[in-house]
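Hello,

My notes follow below it.

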Amino acid sequence: MFSPYYKKSGRGDPLDHACLNVALYGPQHRWVMTERGRPAVSRDASNLVIGPSSVRWEDGALTIDIHEGDTRLFVPWQRPVIGRVRVFPEALNRVAFALDAGENHIWHCLAPRARIEVEMTSPGISWGGKAYLDHNRGAEPLETGFNTWHWSRAHLKSGALVCYEGERGDGSLFASALRFDRSGVPEPVELPPIAGLPDSKWGIGRRTRSDIGVAEVRRTWEDTPFYARSELASRFLGEDVVAVQESLDMRRFSSRLVQFMLPYRMPRRKR
């Protein structure tokens, strides 16, 4: 949905603009988002192949085989990014939610709670921990439907909580908080108070929710001209939690400067 090539093409053939985005944070930081054309893409009910990488359901886990390279501008050499990620859902949710009255934008939290296993051979790192899996789809460009959005989620002792809010393209506001129980069943809960956060270094306004209206940015993982992803210390439903938060500014995304910059971060290959 952030592809400058797809936007320029008129968005007529999404399978001609597919990519696997991989972001590794820490001392061995890597970032991959290489777009590939239709000849490099194949799929069926259980498998998706994008160039040398693939995603499939196997033995109850979403298995992601990564065989990519960090080819961004100013990276002095193409660093390989190779490994396998397995996501094991602990709860599955069958209910999707419309983010606008016309149902042009649908959000589906597939696994509000999951477990993850990461085994990378390049760089040589591995770990396991908590995970989350969701899906967005739409019938119109994202920048048409939204000006901004803020999203955050956290594991609870029993289940998970997701907060979603923002400004639609017509200027109307939306906000919701959903608690998922251990079985993945969603239940709307009262929105916690707004907890303001400092702007990102690129000046992206960030916001989350917290029981006491206070949250702290522990780390900022992604800081770009139109998108920021952060780790927060917060409090939901009486529990102190570590939350993942993202803020998106589609007005920034649509600017000529950002569209000019994106191909240097997101190269395209036919295969």
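Which residues make the nonpolar surface patch of about 550 Å²? Trp202, Leu257, Phe260, Met261 and Tyr264 do. Patch members have over 30% relative accessible area and no salt bridge, and nonpolar side chains (Val, Leu, Ile, Met, Phe, Trp, Tyr) are joined within 5 Å. A salt bridge is a side-chain nitrogen of Lys or Arg within 4 Å of a carboxyl oxygen of Asp or Glu. Areas come from the Shrake-Rupley method with a 1.4 Å probe, and for residues only the protein chains shown count as cover.

Ground rules first. This is a predicted model: local features need pLDDT of at least 70, side-chain atom pairs count only at pLDDT 80 or more, and totals for chains, interfaces and linings use all residues. Residues are numbered from 1 along each chain as its sequence is written, and side-chain values use heavy atoms, with hydrogens and water left out.

Trp202 sits in the loop between strands S16 (194–197) and S17 (206–209). Helices (H or I, at least four residues) and strands (E, at least two) are DSSP runs, numbered from the N terminus. Trp202 has 44% relative accessibility, so it counts as partly exposed. Buried is under 20% relative accessible area, exposed over 50%, partly exposed in between (1.4 Å probe, protein chains only).

In H4, Val258, Gln259 and Leu262 are buried. Seen down the axis of H4, they fall within an arc of 100°, so they line one face of the helix. That arc is taken from the directions from the helix axis to the C-beta atoms. Arg256, Leu257 and Phe260 are exposed on the other side of H4. Cover for the buried residues of H4 includes helices H1 (4–9) and H3.

**Cores**
The largest nonpolar core has 22 residues. Trp107, Phe226 and Leu248 have the most contacts inside it. Elements giving two or more residues to this core include strand S10 (105–122), strand S20 (239–249) and helix H4 (256–265). A second, separate core of 18 residues includes Val32, Val81, Ile116 and Met120. A core is a set of buried Ala, Val, Leu, Ile, Met, Phe, Trp, Tyr and Cys residues joined through side-chain atoms within 4.5 Å.

**Ser53**
Ser53 is in strand S6 (residues 53–58). At 1% relative accessibility, Ser53 is buried. Beyond its neighbours within four places in sequence, Ser53 is in contact (heavy atoms within 4.5 Å) with Leu20, Leu48, Asp65, Ile66, His67 and Glu68.

Regards

Terms used. Patches are made of residues with over 30% relative accessible area and no salt bridge: like charges are joined within 9 Å, nonpolar side chains (Val, Leu, Ile, Met, Phe, Trp, Tyr) within 5 Å.
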